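Please keep the structure open while reading.

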Amino acid sequence: MNILILDGTPAGDLMGARVAGELCSVLKAKGHETEHVLLREKEIGHCRGCFQCWLKTPGVCSIDDDNRELVAKHINSDMVIALTPVTFGAFSPELKKFADHLIQTISPFFCTVNGETHHRQRYDRYPAFVSIGWLPGPDALQEEGFRHLFYRNTINFYTEKDACGILYTGMSDGEIRESIASVLENAERGKFAAHVTSAPKFQLSATAPVPVRSATLLVGSPRMAKSTSASIGGYLFGKFSEQGVRTETIQIYKIFENPDKMSRMLESLDHSELVVLAFPLYIDSIPAPVLETLRAIAEYRRAKASGGRFAAIANCGFIESRHNENALASCAAFAREAGYSWMGSVSIGGGEGLVHGKPFSELGGPAIPYKKNLDMVAHALASGKTVPDDARRELAKPFTPEWLYRAIGSYGWRKQARRNGVQKEIGARPYAAAV
Ligand SMILES: Cc1cc2nc3c(=O)[nH]c(=O)nc-3n(C[C@H](O)[C@H](O)[C@H](O)COP(=O)(O)O)c2cc1C
């Protein structure tokens, strides 16, 4: 077999080298042709969320860097093996940076799989997928999150063979090798993704409610102020201001690559009693720059006494809001690791279709019931309470029938491709047998 190893080990993580070493020796003994790519050494820009890889240069990312060559190799491999420390129950930012670019390997058009919305295949076949993560020791919630993410990824990327394994840093080299060998055997046999159909449930804060005096909104979308994330988060924060809460908004994409701005952001969070992250779903999870920022916050807070509260708002492209549940569980895992009280989350499906890049306060029609429920969320969070169950449930409902959303969405993609003069190429397979 022709196998591509996508190694998402961050600098300084010694377990990554041990896992990669054992994996390569197992694969060599089996006679496979293997390429090991240490992602942190590659030049890969962050996905800009521009959809040009669907609507301007179908199948090819607008960023001309190593992501293109790696996507070509990815699609032409028999098997892709991802290596990563389990980070908030998900991938490392180093691995996620590449994974976000996989959007160019699927079609913009919608279909249904297991009764829920997904994208159609761009290519006839996708590689078998193996995901190997490691943790310092057993952690039931993070492990469940990692396996659930893996399962979600195998649906979106149409794998015919797959398996997922979790290792612990205390394992001997022999144990690591044995564990890897058994994961590979499972993947060679066929589909092994256990149907982990729900994301782990993290405990909400049970501390007595104390009204919030200051709150920070972290917007985690490359579209920044024009994003659905900023629109929904901005509406909530407008309500906070009306209730006398001092508010601040920080665009993660403006600061995460600048060490000075990043350290100013970390210090400013010390003075915030509530932090709310608003972000789009990228490949079933949190976008890479947002993960990187969360990791930096958790590291910064490790040396400090815990305190403060954290909540999250996710919006996704598919109409069913449940696609967001894994990413929101990651946010809860982050809160636990960073010593924040977890105040709960808001999950919104079909974000693009609902918001159209407009400020939420200006929207009418289907947005009206959302406003009523966001008002309830704002009131609860500002009073120091968790996100109310009723409001969460209402906000998670689709704003239009699923079939109608899929039909209008697919029409919209076709219209934009026509405007760009690429309607005939929209299903292009630029990397089919390119390597
Ligand atoms: C790289 C990339 C990956 C995405 N992956 C998913 C996904 O797995 N599931 C989903 O429902 N939507 C996905 N989307 C769609 C976005 O979540 C959606 O467009 C969202 O409304 C964007 O919000 P924003 O304006 O706040 O960035 C993806 C978009 C991009 C650019």
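## The nonpolar core

In this predicted model, the largest nonpolar core has 123 residues. Those with the most contacts inside this core are Ile81, Val130, Leu236, Val276, Ala278 and Leu381. Helix α11, which covers residues 325–338, gives the core its largest share, 9 residues. Domain 1 (2–189) and domain 2 (214–395) each contribute at least three residues to this core.

Apart from neighbours within four places in sequence, Leu381 is in contact with Val212, Leu274, Ala311, Met343 and Val387.

## The chain as a whole

The chain has 15 helices and 12 strands. Its radius of gyration is 21 Å, close to the 22 Å that the globule rule gives for 435 residues, so the chain is as compact as a globular protein of that length. The C-alpha trace spans about 65 × 55 × 40 Å along its principal axes.

What percentage of the 435 residues is buried? Buried residues make up 49% of the chain. Among contacts with a separation of 6 or more, 81% are between residues 24 or more positions apart.

## Two domains

The domain assignment of the chain gives domain 1, residues 2–189, and domain 2, residues 214–395. Their centres, taken over C-alpha atoms, are separated by 27 Å. Where the two domains touch, 26 residues of domain 1 are in contact with 25 residues of domain 2.

On the side of domain 1 that touches domain 2, at least two residues come from each of α4 (93–99), β5 (116–121) and α5 (140–156). The largest share of this side, 8 residues, is supplied by α5. By type, the residues of this side of domain 1 divide into 10 nonpolar, 10 polar and 6 charged.

## Around the ligand

How many residues surround the ligand? There are 22 in the shell, and the closest are Ser221, Pro280, Cys316, Gly317 and Gly351. The elements that give two or more residues to this shell are α7 (228–242) and α12 (351–355). The shell residues divide into 8 nonpolar, 10 polar and 4 charged.

## Two phenylalanines with positive phi

Most residues other than glycine have a negative phi. Phe51 has a positive phi, near 60°. This residue is found in the loop between β2 (33–38) and α2 (52–55). Is Phe88 negative or positive in phi? Phe88 has a positive phi of about 55° although it is not a glycine. The place of Phe88 is in the loop between β3 (79–85) and α4.

Phe51 has 17 other C-beta atoms within 10 Å. A residue needs 20 or more to be buried and 12 or fewer to be exposed, so Phe51 is partly exposed. Phe88 has 26 C-beta neighbours inside 10 Å and therefore counts as buried.

Note on methods
Residues are numbered from 1 along each chain as its sequence is written. This is a predicted model: local features need pLDDT of at least 70, side-chain atom pairs count only at pLDDT 80 or more; totals for chains, interfaces and linings use all residues. Helices (H or I, at least four residues) and strands (E, at least two) are DSSP runs, numbered from the N terminus. The radius of gyration is taken over C-alpha atoms; the globule rule is 2.2 Å times the number of residues to the power 0.38. Two residues are in contact if their C-beta atoms, placed from the backbone, lie within 7 Å. A residue is near a molecule or strand if its C-beta atom, placed from the backbone, lies within 6 Å of it. Ala, Val, Leu, Ile, Met, Phe, Trp, Tyr, Cys and Pro count as nonpolar, Asp, Glu, Lys and Arg as charged, and the others, Gly among them, as polar. Domain bounds come from an automatic or database domain assignment. A nonpolar core is a set of buried Ala, Val, Leu, Ile, Met, Phe, Trp, Tyr and Cys residues joined through C-beta atoms within 7 Å.
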